[in-house]
Amino acid sequence: WAFEVKWDGYRTIVHIADGAVRLQSTAGHDVTARWPELAGLADAVNARSAILDAELIVFDDDGRPRFELVQRSGVGSSREAVIQLFDVLQVDGADTIDLPYLDRRRLLEQLVEPGDNWTVPSFRLGDGAALVAATAEQGLEGVIAKRVDSRYRPGTRTKDWRKIKNRTEV
């Protein structure tokens, strides 16, 4: 298993084509105009076209992602969005969804140059308990566990990807 931080934001599909970025919500809406700070992402992708899966987040004053800040962010907001790119679905017209997770992650890391408002966050092989504990200590939402040989299955929930949420006591 591989383990990634579960970000508290908006799941977003990123389309790169013709030197431009298009951000698509999970409902299929074009939300690109709302976050102009992400326009430069097209120049950071080492391909003519790509489709990437991501989580769009906004950090609070303590550096923690907050879903409610995403809802209030956008054009005219004092807070900029950051996009955490965690998967690659297509590169230059070639589908990558049938590649195993680890191959897609390696491809994604080669494909995207980090920027001020986007990154490919790290992941951890094995010892998920340590990452769960670290996210709990930092007040983060939790972890996503992914089988290293899992394929990407659009629109389908599988047991190959599992959410491990941190529970807060009230």
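Student: So what does Leu52 touch, leaving out residues up to four places away in sequence?
Tutor: Keep in mind that this is a predicted model. Leu52 touches Thr12, Ile13 and Val14, then Val45, then Leu85, Asp87 and Val88, and finally Leu108, Leu111 and Val112.

Student: And how many residues are in the largest nonpolar core?
Tutor: It has 28, and Leu52 is among those with the most contacts inside it, along with Val14, Leu41, Ile83, Leu85 and Val112.

Student: Which elements give two or more residues to it?
Tutor: Strands β2 (10-17), β3, β4 (49-57) and β5 (82-91), plus helices α1 (41-44), α2 (67-72) and α3. There's also a second, separate core of nine residues, including Trp7, Ile57, Val82 and Leu140.

Student: OK, switching to the open sheet of four strands. What's the order?
Tutor: β8-β1-β9-β10, with antiparallel pairing.

Student: How many bridges join β9 to β10?
Tutor: Five, with β9 covering residues 142-146. Lys146 stands opposite Trp161 in β10.

Student: Which helix packs on the sheet at about 10 degrees to β1?
Tutor: That's α4 (residues 128-137), which touches β1, β8, β9 and β10. Helix α3 (residues 101-111) lies across those strands too, running at about 55 degrees to β1 (2-6).

Student: Last one: which side chain does Gln24 make a polar contact with?
Tutor: Arg22's, at 3.2 Å. Gln24 itself is in strand β3 (residues 20-25).

How values were computed. Residues are numbered from 1 along each chain as its sequence is written. This is a predicted model: local features need pLDDT of at least 70, side-chain atom pairs count only at pLDDT 80 or more; totals for chains, interfaces and linings use all residues. Side-chain values use heavy atoms; hydrogens and water are left out. A polar contact is a pair of N or O atoms within 3.5 Å; within protein, one must be able to donate a hydrogen and the other to accept it, and residues adjacent in sequence count only if both atoms are side-chain atoms. Two strands pair if DSSP finds at least two bridges between them. Contact means heavy atoms within 4.5 Å. Axes are lines fitted to C-alpha atoms, for helices over the stretch in contact, and angles run from 0 to 180 degrees between N-to-C directions. A nonpolar core is a set of buried Ala, Val, Leu, Ile, Met, Phe, Trp, Tyr and Cys residues joined through side-chain atoms within 4.5 Å. Buried means under 20% relative accessible area, exposed over 50%, partly exposed in between (1.4 Å probe, protein chains only).
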